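The following exercises are to be worked from the sequence and the structure shown below. Each task is followed by a solution in steps.

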Amino acid sequence: MAENSDMAALEESFKKFAIYGDTKATGQEMNGKNWAKVCKDCKVVDGKLVTMTDVDIVFSKVKAKTARVINYQEFCKALEELSSKKFKDKSKEEGFEAICKLIAGKEPANVGVTKATSTKAVERLTDTSKYTGSHKERFDESGKGKGKSGRETLVENTGRSEE
């Protein structure tokens, strides 16, 4: 088995991946989507020895029949299953330690998350000083939106009629 510090780091990584993308998650159980993310982000999946199909099959094998999630013990069992596929030349224990080192201390990566771009075209389109017509009325001199008062004519109930 791996050292205690490695196992603590592995459990910490399990918790981080288990809560990723789920605001209600406690970190005690991991769903199939997050299990696949662990394998992909930590480079367990290489496309040759271990594929995403293998990852899904192993998840189905280790979870309970009707369950949709795995706990930490099942997670370790799943890693053992994958280690024999990924590290065929090593013994079962060495393979498990090697796969634990791949995952220990890692966090979910936010690769592919959309970021706001700031190009000349976007700057030109969002420059409120260049707006014309009714759109110009929606912003003050500093470019800050006026909110509701910029979108509709407000009636002042002063009791006087302006004729």
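**Exercise 1.** Determine whether Val44 is buried or exposed, and identify the residues that Val44 touches beyond four places in sequence.

*Solution.* Step 1: the relative accessible area of Val44 is 0%, so this residue is buried; buried means under 20% relative accessible area, exposed over 50%, and partly exposed in between, with a 1.4 Å probe and protein chains only. The model is a predicted one, in which local features need pLDDT of at least 70 and side-chain atom pairs count only at pLDDT 80 or more, while totals for chains, interfaces and linings use all residues. Residues are numbered from 1 along each chain as its sequence is written, and side-chain values use heavy atoms, with hydrogens and water left out.

Step 2: Val44 is located in the loop between α2 and α3; helices (H or I, at least four residues) and strands (E, at least two) are DSSP runs numbered from the N terminus.

Step 3: not counting residues up to four places away in sequence, Val44 touches Cys39, Val50, Leu82, Lys86, Ile99, Leu102 and Ile103, where contact means heavy atoms within 4.5 Å. Between Val44 and Ile103 there are 8.3 Å in space, C-alpha to C-alpha, at a sequence separation of 59 residues.

**Exercise 2.** Describe the backbone and the exposure of Lys43, and then the surroundings of Lys37.

*Solution.* Step 1: Lys43 is not a glycine, yet its phi is positive, at about 60°. Lys43 lies in the loop between α2 and α3 and is exposed, its relative accessible area being 60%.

Step 2: Lys37 belongs to helix α2 and counts as buried at 17% relative accessibility. Leaving aside residues up to four places away in sequence, Lys37 touches Phe17, Tyr20, Pro108 and Ala109.

**Exercise 3.** Characterise the packing of α2 against α3.

*Solution.* Step 1: two packed helices are described by the angle between their axes and the distance between the axes. Axes are lines fitted to C-alpha atoms, for helices over the stretch in contact, and angles run from 0 to 180 degrees between N-to-C directions.

Step 2: the axes of α2 and α3 come within 10 Å and cross at roughly 135°. This makes α2 oblique to α3; angles under 35 degrees count as roughly parallel, over 145 as roughly antiparallel, 65 to 115 as roughly perpendicular and the rest as oblique.

Step 3: in α2, the residues Gly32, Trp35, Ala36 and Cys39 meet Met52, Val55, Val58 and Phe59 of α3. By class, this contact of α2 with α3 comprises 7 nonpolar, 1 polar and no charged residues; Ala, Val, Leu, Ile, Met, Phe, Trp, Tyr, Cys and Pro count as nonpolar, Asp, Glu, Lys and Arg as charged, and the others, Gly among them, as polar.

Step 4: Met52 of helix α3 is partly exposed, with a relative accessible area of 32%. Met52 touches Ala36 and Val45, not counting residues up to four places away in sequence.

**Exercise 4.** Characterise the packing of α3 against α4 in the same terms.

*Solution.* Step 1: the axes of helix α3 (residues 52-62) and helix α4 (residues 72-86) come within 9 Å, crossing at roughly 140°. The two helices α3 and α4 are therefore oblique to each other.

Step 2: Asp54, Val55, Val58, Lys61 and Val62 of α3 meet Glu74, Lys77, Ala78, Glu81, Leu82 and Lys85 of α4. The residues of this contact of α3 with α4 divide into 5 nonpolar, no polar and 6 charged.

**Exercise 5.** How many aromatic pairs does a search of the whole structure find, and what is the geometry of the pair Trp35 and Phe75?

*Solution.* Step 1: the search finds 4 aromatic pairs; rings of Phe, Tyr and Trp (its six-membered ring) pair if their centres lie within 6.5 Å, and planes under 30 degrees apart count as stacked, over 60 as edge-to-face and the rest as tilted.

Step 2: the ring centres of Trp35 and Phe75 are 5.7 Å apart and the planes are at 90°, so the pair is edge-to-face. This pair links distant parts of the chain, with Trp35 in helix α2 (residues 32-41) and Phe75 in helix α4, 40 residues apart.

Step 3: both Trp35 and Phe75 are buried. Ring pairs link Phe14, Trp35, Tyr72 and Phe75 into a cluster.
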